[in-house]
Amino acid sequence: MATHFSDLDHAHMHRALELAWQGRFSTSPNPRVGCVIAHGEQIVGQGFHVKAGEPHAEVHALRQAGSLAQGATAYVTLEPCAHYGRTPPCAESLRESGVARVVAAMRDPNPLVAGKGLAILTAAGVLVECGLLEHKARELNRGFLSRIERKRPFISLKMAASFDGKTALSDGCSKWITGELARSDVQQLRAQSCAILTGIGTILADNPQLNVRQFNTLRQPIRVILDSYFRLPEKSQVVQDDGETWLFTLTDTPSWVAKYENLRVFRQPEKIAQLNLHWVSEILAQNGVGEVLLEAGQTLATAFLQADLVDEIVYFQSPKILGNTARGIFKLPENPTVLTKSPDWRTISVTSIGDDIKWVLQK
């Protein structure tokens, strides 16, 4: 594989990545993929994958290019697929189109592909090069890659707190700590996620919808509820509306659940007193969930953090001051060695959103 790429190669791959990002709200459980087909500086076809079951990025780009694909270079943000799923293999479509060169940002770690797509093209005499802007391609599909490579989702913990680090008043009231612009940004985070995860405590206290409401999206994220002893009320919004809800529990399923096709229940086989968060994460990945937004209270947020299952913290901080009696962000043990053993977090970005600050941290 070549290791040197021209400025023009970089420009076309950047465009392919921009196209792929347009599918961020809708491609799950499939990866976000963009494709550009070009003769030199002239782009003759481009496209991105919109939704699972629909044509892949390469197909959209090839349709647009038509006969102009002959002898062109195709820039793809992920290795073209090599298997028959709900759509035919893109590697075969590229081979049949007559493209002379294919540049892929990265190999696909999915065992169904894993180099096979590039091998099909190489065997057909197409010049294949891989690795251009791979770091950006990996970030674009962090959830998909986590699900395949680590067998668990990429989990982002969303927190909203006051200037003095409080998430709610002593009585639990938290509406609204942050401003309208910050709350709108959370809607974007929800739409980009495969699932929103919370605990039964949040459901019982707030009866939330846990969905995307401020703009239309081709798919709603799955609501995932951790409810060890199945206290979920039948009349709760996550049961009554049309969205899909998954519930993890330790106990038997109440008979009323059978009435709701949108409610899926996972019962933990391990006989312990509480849900195993690692098991929950593994089950989510096995069922196609790659990117999770954790919107939970102090107890569950702390549990995920201590289980070392949080990959990113998205922290919205408002200029309000709630005082010492208000509830804190985490509920960590007083033993200071817990913090010294925890991983260091690094700041990815700090952004002003209205009067609030959005602080993104990763390990």
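**Figure 1. Polar contact between Glu295 and Arg190 in the predicted model.** In this predicted model, the side chains of Glu295 and Arg190 are joined by a polar contact of 2.8 Å. Glu295 sits in the loop between E12 and H11. With a relative accessible area of 9%, Glu295 is below the 20% limit and therefore counts as buried. Apart from residues up to four places away in sequence, Glu295 touches Lys158, Val186, Arg190, Ile196, Leu197 and Thr198.

**Figure 2. Salt bridge between Glu295 and Lys158.** The side chains of Glu295 and Lys158 form a salt bridge with an N to O distance of 3.6 Å. The pair connects distant parts of the chain, 137 residues apart: Lys158 belongs to strand E6 (residues 154–161), and Glu295 to the loop between strand E12 (291–294) and helix H11 (298–306). Both Lys158 and Glu295 are buried. Over the whole structure, the search finds 19 salt bridges.

**Figure 3. Salt bridge between Lys259 and Glu234.** The closest N and O atoms of Lys259 and Glu234 are 2.6 Å apart, and the two residues form a salt bridge. Lys259 has a relative accessibility of 57%, over the 50% limit, so Lys259 counts as exposed. Glu234, at 21%, is partly exposed.

**Figure 4. Salt bridge between Arg267 and Asp252.** Arg267 and Asp252 meet through their side chains in a salt bridge of 2.7 Å, N to O. Because Arg267 lies in strand E11 and Asp252 in the loop between E10 and E11, the pair ties together parts that are 15 residues apart in sequence. Arg267 is partly exposed, its relative accessible area being 44%. Asp252 is exposed, with a value of 53%.

**Figure 5. Contact between domain 1 and domain 2.** The domain assignment of the protein chain gives domain 1 as 7–141 and domain 2 as 151–362. The centres of domain 1 and domain 2, taken over C-alpha atoms, are separated by 34 Å. Domain 1 contributes 10 residues to the contact and domain 2 contributes 11 residues. About 850 Å² is buried between domain 1 and domain 2, with carbon and sulfur atoms giving 52% of this area. Of the area that domain 1 buries against domain 2, 56% is supplied by Phe25, Ser28 and Arg32, more than by any other three residues.

**Figure 6. Polar and charged groups at the domain interface.** Between domain 1 and domain 2 the count is one salt bridge. Arg32 and Glu291 form a salt bridge in which the closest N and O atoms are 3.5 Å apart. On the side of domain 1 that touches domain 2, four residues are nonpolar, two are polar and four are charged. Two residue pairs are in polar contact across the interface of domain 1 and domain 2.

**Figure 7. Surroundings of His49.** His49 is placed in the loop between strand E2 (42–48) and helix H2 (57–65). At 3% relative accessibility, His49 counts as buried. The side chain of His49 makes a polar contact of 3.1 Å with the side chain of Asn30. Leaving aside neighbours within four places in sequence, the residues in contact with His49 are Gly23, Thr27, Asn30, Pro31, Val33, Glu54, Pro55, His56 and Ala57.

**Figure 8. Helix H10 and its two ends.** Helix H10 (residues 277–286) is mostly covered, with seven of its 10 residues buried. These buried residues are Leu277, Trp279, Val280, Ser281, Ile283, Leu284 and Ala285. At the start of H10, a side-chain oxygen of Asn276 comes to within 2.9 Å of the backbone nitrogen of His278. After H10 comes Gly288, which has a positive phi near 85 degrees.

Key:
Residues numbered from 1 in each chain as written. Predicted model: local features only at pLDDT ≥ 70, side-chain atom pairs only at ≥ 80, totals over all residues. Heavy atoms only, no water. Salt bridge = Lys/Arg side-chain N within 4 Å of Asp/Glu carboxyl O. Helix = DSSP H or I, 4+ residues; strand = E, 2+ residues; numbered from the N terminus. Buried < 20%, exposed > 50% of the residue type's maximum accessible area, 1.4 Å probe, protein only. Domains from an automatic or database assignment. Contact = heavy atoms within 4.5 Å. Buried area = accessible area lost by both parts, 1.4 Å probe. Polar contact = N/O pair within 3.5 Å; in protein donor to acceptor, adjacent residues only side chain to side chain. Nonpolar A, V, L, I, M, F, W, Y, C, P; charged D, E, K, R; others polar.
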